[in-house]
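Me: I would like to go through this model with you and ask what stands behind each label. Could you set the values against the definitions as we go?

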Amino acid sequence: MDRTVPHLCQVLIPNRDEVHARLRARGIGVGVHYPPSHLQPAFAQWRRDLPATEQASHEILTLPLHQHLTEADIDQVVTALGQALTEARTTLHTGQSQQ
């Protein structure tokens, strides 16, 4: 039986920084998570170009996810995310701009 408990809810968003700012302005506790390991100073001697990893690192947005979220909290996050995506004219995952 799998007893893991997810502690991060991450989505890929092409205009991540704009969506992040819009969600923060609405009081949603979103975050921009860790940079890729190969870009960390501790791994400098092994550094090489990993373009797909680096691209994904610029698109990952961490949404609130914890055991104290209520249904109302979840609705608030989802609604705010939808509004921010619409305002930023972007979509999740596909990277396609809405025209």
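Reply: Gladly! On the face of α1 turned away from its buried side sit the exposed residues Asp17 and Ala25. Exposed means over 50% relative accessible area, buried under 20%, and partly exposed in between, with a 1.4 Å probe and protein chains only. Before we go on, note that this is a predicted model, in which local features need pLDDT of at least 70 and side-chain atom pairs count only at pLDDT 80 or more, while totals for chains, interfaces and linings use all residues. Residues are numbered from 1 along each chain as its sequence is written, and side-chain values use heavy atoms, with hydrogens and water left out.

Me: What makes α1 a helix here, and which residues does it cover?

Reply: Helix α1 covers residues 16-25. Helices are DSSP runs of H or I with at least four residues, strands are runs of E with at least two, and both are numbered from the N terminus.

Me: Which residues of α1 are buried, and how do you know whether they line one face?

Reply: The buried ones in α1 are Arg16, Val19 and Leu23. Seen down the axis of α1, its buried residues fall within an arc of 70°, so they line one face of the helix. The arc is taken from the directions from the helix axis to the C-beta atoms. Among the parts that cover these buried residues are α2, β2 and α3. After α1 comes Gly27, with a positive phi near 80°.

Me: Why is the pair Glu18 and Arg22 called a salt bridge?

Reply: A salt bridge is a side-chain nitrogen of Lys or Arg within 4 Å of a carboxyl oxygen of Asp or Glu. For Glu18 and Arg22 the N to O distance is 3.0 Å, so the pair meets the rule. Both residues lie in helix α1, 4 residues apart, about one turn of the helix. By this rule the count comes to 4 salt bridges.

Me: What makes Glu18 and Arg22 partly exposed?

Reply: Glu18 has 33% relative accessibility, which counts as partly exposed. Arg22, with a relative accessible area of 28%, is partly exposed too.

Me: What links Glu18, Arg22, Arg26 and Glu87?

Reply: A network of salt bridges links these four residues. Glu87 meets Arg22 at 2.9 Å, N to O. Glu87 lies in helix α3 (residues 71-88) and Arg22 in helix α1, so this pair ties together parts that are 65 residues apart in sequence. Arg26 also forms a salt bridge with Glu87, and here the closest N and O atoms are 2.6 Å apart. Arg26 lies in the loop between α1 and α2 (51-57) and Glu87 in helix α3, so the pair ties together parts that are 61 residues apart in sequence. Arg26 is partly exposed at 29% relative accessibility, and Glu87 is partly exposed with a relative accessible area of 37%.

Me: Why is the pair Phe43 and Trp46 called tilted?

Reply: Rings of Phe, Tyr and Trp (its six-membered ring) pair if their centres lie within 6.5 Å; planes under 30 degrees apart count as stacked, over 60 as edge-to-face and the rest as tilted. The ring centres of Phe43 and Trp46 are 6.2 Å apart and their planes are at 50°, so the pair is tilted. The count by this rule is 1 aromatic pair. Phe43 is partly exposed at 39% relative accessibility, whereas Trp46 counts as exposed at 54%.

Me: What makes a set of residues a nonpolar core, and how many residues has the largest one?

Reply: A nonpolar core is a set of buried Ala, Val, Leu, Ile, Met, Phe, Trp, Tyr and Cys residues joined through side-chain atoms within 4.5 Å. The largest has 14 residues, and those with the most contacts inside it are Ile13, Val19, Leu23, Leu61, Leu63 and Leu81. At least two residues of this core come from each of α1, β2 (60-63) and α3. The largest share, 6 residues, comes from α3.

Me: How do you know what Val19 touches?

Reply: Contact means heavy atoms within 4.5 Å. Not counting residues up to four places away in sequence, Val19 touches Ile13, Leu61, Leu81, Ala84, Leu85, Ala88 and Thr90.
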